[in-house]
Amino acid sequence: RDETSLCFAERSPAKMESSPHSFDLGNLSVSNFAIDAAEITQENVQLHCRTAVQALLQQLFVLPAQPCEVGRLVTLPRPVNLIPREKPPPEAKPLTKWRQYAMAHQIRPRRRMKRTFEEDVQAWVPTYGRKRREYEKSKDWIREIPDNYKPKTPGGDIFLDAEMSRKERVSKQKKNERVNRRRAEVLKTKTTGLRRTLGRLNTASGGKFDRPN
């Protein structure tokens, strides 16, 4: 992050004096390397902390500020120290077969609009989803039956066939999602095993004396 805003209560700043503290205002941290670790006791640790916090607040009052509802608003500078992540960054998900095919043939995904304006109802209707199906049903109450029409099931009609086709598409999509998840799990297992093998081979004994996980 480049800049961060901080709002705190308005107080009169104290006079700045020479301080042994080093500040990282971007992270709101203060350090004092002049203190010997052997001199820190349970009695004076609170005193050192209070002095450090007071010095940090004095530095904040030096920054350019503007008034806000609860006091003053200052913009913090860029952090000096990079704080490490608590957890490793997430790994990239493996590409599905369709994404691999699209990248190989340079097919760019089209951005679908979430809503479209329908002239017959003079309202914005979702492009997909349950409300879209309800709108299609309310509009599609009559259909022309072709001469060569044959129902998919005995006693069926053209509306029932359309509903069955929709359910088949949904079922096929769910099946593809399950296949993609299984592919991702298999690929993750193979990658983890390969990393463990490379880690064992990097030892001097070639993994001969490594403990099994």
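Visitor: Does Ala34 count as buried or exposed, and why?
Guide: This is a predicted model, and Ala34 lies in the loop between β3 and α1. The cut-off for an exposed residue is over 50% relative accessible area. Because Ala34 has a relative accessibility of 61%, it counts as exposed.

Visitor: What distance separates the C-alpha atoms of Ala34 and Pro20?
Guide: Along the chain, Ala34 and Pro20 are 14 residues apart. In the predicted model, the separation between their C-alpha atoms is 6.5 Å.

Visitor: Which elements give two or more residues to the largest nonpolar core?
Guide: The largest nonpolar core has 6 residues, namely Leu25, Leu56, Leu60, Leu63, Val74 and Leu76. In soluble globular proteins, nonpolar side chains tend to be buried together. Two or more residues of this core come from each of α1 (45–62) and β5 (72–76).

Visitor: Which residues does Leu56 touch, leaving out those up to four places away in sequence?
Guide: Leu56 is one of the residues of the largest nonpolar core, and Leu25, another member of that core, is among the residues that Leu56 touches. With residues up to four places away in sequence not counted, the list for Leu56 is Phe23, Leu25, Leu28, Ser29 and Val30.

Visitor: How many residues lie between β6 and β7 in their hairpin?
Guide: Strand β6 (residues 115–118) and strand β7 (residues 123–126) run antiparallel and are joined by 4 bridges, with Glu118 standing opposite Ala123 in β7. In the turn of this hairpin, Gln122 has a positive phi of about 55°. The number of residues between the two strands is 4.

Visitor: In what order do the elements of the protein run from the N terminus on?
Guide: The secondary structure of the protein comes to 4 helices and 7 strands. Read from the N terminus on, the order is β-β-β-α-β-β-α-β-β-α-α.

Visitor: Which element of the protein has the lowest mean pLDDT?
Guide: The protein as a whole averages a pLDDT of 79, and 82% of its residues score at least 70. Over residues 12–16, pLDDT stays under 50, and where pLDDT is low, the predicted coordinates should not be read in detail. Among the elements, strand β3 (residues 29–31) has the highest mean pLDDT, at 89, whereas the lowest, 59, belongs to strand β1 (residues 4–8).

Notes: Residues numbered from 1 in each chain as written. Predicted model: local features only at pLDDT ≥ 70, side-chain atom pairs only at ≥ 80, totals over all residues. Heavy atoms only, no water. pLDDT = per-residue confidence, 0-100. Contact = heavy atoms within 4.5 Å. Pairing = 2+ DSSP bridges. Core = buried A, V, L, I, M, F, W, Y, C linked by side-chain atoms within 4.5 Å. Buried < 20%, exposed > 50% of the residue type's maximum accessible area, 1.4 Å probe, protein only.
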